[in-house]
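User: I've got a model open and want to talk through a few spots in it. Can you take my questions one at a time?

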Amino acid sequence: ARKEKARVSCSLPESSWEERLANAVTPLWRLPYQEQLQVKYESQRKILQTLASHLEELGIDAQKPGGLCCPLQPVVPSPIINGYRNKSTFSVNQGPDGNPKTVGLYVGTGRERNIVCVKANHLENIPSKHKQVAQCYEEFICHSPLDPCILFHKGGHWRELVVRTTRCGHTMAIITFHPQQLGQEALATQKALLKEFFTCGPGAVCALTSLYFQESTMTRCSHEQSPYQLLHGAPHIFEELLGLRFRISPDAFFQVNTAGAEVLYQAVGELCQAAGDTVLLDICCGTGTIGLSLAHQVSKVIGVEVVEKAIEDAEWNATFNGISNCEFHSGKAEAVLPQLLASWEDARPLVAVVNPSRAGLHYRVVRAIRNCRAIRRLLYISCKPEGEAMRNFLELCCPPDPRKKLAGEPFAPVMAIPFDMFPHTVHCELVLLFTR
């Protein structure tokens, strides 16, 4: 992927709604990219200092130079700085001009009751294709007689828009709709109008590969709770990553920065130090990207993922790419993993890679990893290491505790490498290597 210089643009009017949104979503947007990386390095350094302090409280001598729990490498830059996101979620709400059908991102909070939905056309992390689809969706709902669904109990129908794109040139749009009291005939009419708009009308300019519709009565619904209905095009979009081809379903997890993911996964492969007889345990595996990209290095990959459709994608991805040494398990990691590891008798070396959501790993997952003696090396990939992941780090490293059923030898952090997967924001992906 081609490297781009971060554009330092101060052309937004002071205290304009556009500036407020840029400051909320991409707070580092004014800084040259090298300065952004330095800001992120300092924030990760503080996180490792905090972890070291917590470990000291547990009686573990974890202080390294600089008060860190382990050496911290420089932040690995993103190959692409602007327009890197392959997935964007847009809300529908009242805009600064009073338009209740504005499609954009929120400024303000529900608690303060000052939420305003601002168009995202100026944000540097969102690609132009996503902005185009959002603009077309707004045009469609503005001409619709149906109201937006801003508060569920007050009625209305039009809700979120998710746009996913790939480097293969594919675009998927997923429209969330609250059915309220509409019957099947009225719902069918709305779906037909949407399809017509995006295939024959003004929305055809988006050249959608897939158009999905989801009837959702909750803030978020999985496919199992409320199926994604394909209105037009192909059921999946495809991405190429490290020479492999991946199929992506509407709700499957895929790293939001594809070029950055390639750099991250290559580093994970090196950190695993996996020999030819190694078994790789890929926990929270999504569509199988990590495991499949490392399958050629190891004797076997075992993937675990809660999203059923993502597992279907992972199995398809393995077959399509001619990879036969992978097995994938669908279900909550806290239910699947303890069963997998409790009876583990394989003599081959076992390396674990975990890539959970911001909520971190369930305690039963950590306990299963701790109590499996075969796991000597663990890579924890976290997009929010200062949050629930910190609890996981302490559970992995604390002394054995019979009351908590933590019988296994503790892990110790030995290296940390931050990857800038989210330029212009304060976030990055931290890879922590634990061994024992």
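Predicted model: local features only at pLDDT ≥ 70, side-chain atom pairs only at ≥ 80, totals over all residues.

User: Which helix holds both W316 and F320?

Analyst: The two residues are 4 apart, about one turn of the helix. Both lie within residues 308-320, which is helix α7.

User: What kind of aromatic pair do W316 and F320 form?

Analyst: Rings of Phe, Tyr and Trp (its six-membered ring) pair if their centres lie within 6.5 Å; planes under 30 degrees apart count as stacked, over 60 as edge-to-face and the rest as tilted. For W316 and F320 the centres are 4.7 Å apart and the planes 10° apart, and the pair is stacked.

User: And what kind of pair are F246 and F254?

Analyst: Their ring centres are 6.3 Å apart. The planes meet at 65°, so this pair is edge-to-face.

User: Is F246 buried or exposed?

Analyst: Buried means under 20% relative accessible area, exposed over 50%, partly exposed in between (1.4 Å probe, protein chains only). F246 has a relative accessible area of 0%, so F246 is buried.

User: What is the relative accessible area of F320?

Analyst: W316 is partly exposed at 27%. F320 is partly exposed too, and its relative accessible area is 47%.

User: Where is C383 placed?

Analyst: The UniProt annotation "active site", from an unreviewed entry, covers C383; such annotations may be inferred rather than shown by experiment, and UniProt positions are given in the numbering used here, with feature names shortened. On one side is β14 (375-382), on the other α10 (388-397), and C383 is in the loop between them.

User: Which residues is C383 in contact with, leaving aside its neighbours within four places in sequence?

Analyst: Contact means heavy atoms within 4.5 Å. With those neighbours set aside, the partners of C383 are R358, C428 and E429.

User: What is the mean pLDDT of the chain?

Analyst: pLDDT is the predictor's confidence in each residue, from 0 to 100. Here 97% of the residues reach 70 or more, and the chain mean is 92.

Terms used
Residues numbered from 1 in each chain as written. Heavy atoms only, no water.
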